Amino acid sequence: MKRVALKPGREKSLRRRHPWVFSGAVQRVDGAPQRGDSVVVVSSTGEFLGHGVYCPKSQIRVRVLSFDEATPIDEALIAARVADALAFRTRVLAPGVQACRLIHGEADGLPGLVVDRYDDVLVVQCQSAAAERWRDAAVAALEPGAWRAVMERSDVEVRALEGLAPRRGLLHGALPDAPLVVTEGAVRYRVDVVAGQKTGFFLDQRDNRALVAACADGRDVLDAFCYSGGFTLAALAGGAAHVTAIDSSADALAQARANAAENGFDEARVAWREEDAFAGLRALHAAGRRFDLVVVDPPKFAPTSRHVARAARAYKDVNLWALKLLRPGGQLFTFSCSGAIDEALFASIVAGAAVDAAVTARIVGRLTAAPDHPVALPFPEGAYLCGLRLDVT
Ligand code: SAH
């Protein structure tokens, strides 16, 4: 039998249903498991803790899928998890949502597996050896014949930590010849599932885009790190007088322009700026530009906990300049998608930025990912996205 025995005292997190076994907790490995093999995890005294998937290369040596001894990892378990994930979305999402996350890794009992839906196209991303091993079973349970296409976007850097090479390709069906378009609220977004960032779109910000749209009427808006124009288009649809949108990626801005055209917005209402946001915010300030509403949604500055100090400086800097760019009575919507930076730390970084910007900022709302990106209660690491809505005077 393939078995992983833990060191004394290291069974506690598993008993609390945390699904990861770190390499440092492992006492002994029996049966020479290979990457992707199922193992039984036992305590130092030999008690059953869980059925998991082994990854010899990763710091996360085992990802546990089942805490029930009588339920090993097989096609039936994967199919049940997929069915649960789909049923959950029908409960928490408003009817008619066309683009959403169907499977969100650990929170859906499928560690490292992400599946996003864009209308009739699915995009699968395997971020772990466990997801890699059980990908085909999960896809089968999603009834690939019911979709126009199932695309795989397992081309993310985290795979290297598990010794997995990047992979991208069509698993089923065919992508439409015309751009794939999804409607969210009053906006039509083109989604590039082949070359776009993540699986093509930032689905986690759906509710926050709606909030920005609701606050944008008549406002002069700045969208820093705009990508394909998620917040920019939401603000325009919400009646913004003008939006200044910054991104350093030419591809992202091309996509954003195409999105503005797709919705028939007057080009005169948007200024696209291809530049580094750190420099761009300073340049706007130096030029005397000021805004009523600013969105700051940067990439993950802290990929791991080792990067927290450097990331904190970057978050402080962009928020400092964003706050300086606000007119009195303006609003800042600011985000971090670094899992290593929790809500409390993020708020204290932004508080430091407000002191340096010499403004008074009050928290009007605490923002998080949309409900199709749930967090498993025993797995707080899953709460990667946090944000603040601030009133600034
Ligand atoms: N707000 C977007 C998602 C932003 S993702 C949405 O809701 O869809 C982060 C974006 O920051 C990416 O598009 C990336 O190209 C851009 N980016 C990364 N580093 C940057 C920098 N230094 N300056 C400006 N943009 C940057």
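Me: At what relative accessibility does Arg28 count as partly exposed?

Reply: This is a predicted model, in which local features need pLDDT of at least 70 and side-chain atom pairs count only at pLDDT 80 or more, while totals for chains, interfaces and linings use all residues. Residues are numbered from 1 along each chain as its sequence is written, and side-chain values use heavy atoms, with hydrogens and water left out. The term buried stands for under 20% relative accessible area, exposed for over 50%, and partly exposed for what lies in between (1.4 Å probe, protein chains only). Arg28 counts as partly exposed, at a relative accessibility of 40%.

Me: With which residue does Asp30 form a salt bridge?

Reply: A salt bridge is a side-chain nitrogen of Lys or Arg within 4 Å of a carboxyl oxygen of Asp or Glu. Asp30 is partly exposed, at 23% relative accessibility. Its closest N and O atoms in the salt bridge are 3.2 Å apart, and the partner is Arg28.

Me: How many residues apart are Asp37 and Lys2, which link distant parts of the chain?

Reply: These two residues form a salt bridge, with 3.8 Å between the closest N and O atoms. Asp37 has a relative accessible area of 22% and Lys2 a relative accessibility of 32%, so Asp37 is partly exposed and Lys2 is partly exposed. Helices (H or I, at least four residues) and strands (E, at least two) are DSSP runs, numbered from the N terminus. Asp37 is in the loop between strand E3 (26–30) and strand E4 (38–42), Lys2 is in the segment before strand E1 (3–6), and the separation is 35 residues.

Me: Which residues have the most contacts inside the largest nonpolar core?

Reply: A nonpolar core is a set of buried Ala, Val, Leu, Ile, Met, Phe, Trp, Tyr and Cys residues joined through side-chain atoms within 4.5 Å. The largest one has 43 residues, and those with the most contacts inside it are Tyr118 and Phe333.

Me: Between which domains does the core lie, and why?

Reply: Helix H5 (residues 230–237) gives the largest share of this core, five residues. Domain bounds come from an automatic or database domain assignment. Because both domains give residues to the core, it lies between domain 2 (75–173) and domain 3 (202–392).

Me: With which side chain does the side chain of Thr244 make a polar contact?

Reply: Thr244 is in strand E15 (residues 242–247) and is buried, with a relative accessible area of 4%. Leaving aside neighbours within four places in sequence, Thr244 is in contact (heavy atoms within 4.5 Å) with residues including Val221, Leu284 and Phe291. A polar contact is a pair of N or O atoms within 3.5 Å; within protein, one must be able to donate a hydrogen and the other to accept it, and residues adjacent in sequence count only if both atoms are side-chain atoms. For Thr244 the distance is 3.4 Å, and the partner is the side chain of Arg289.
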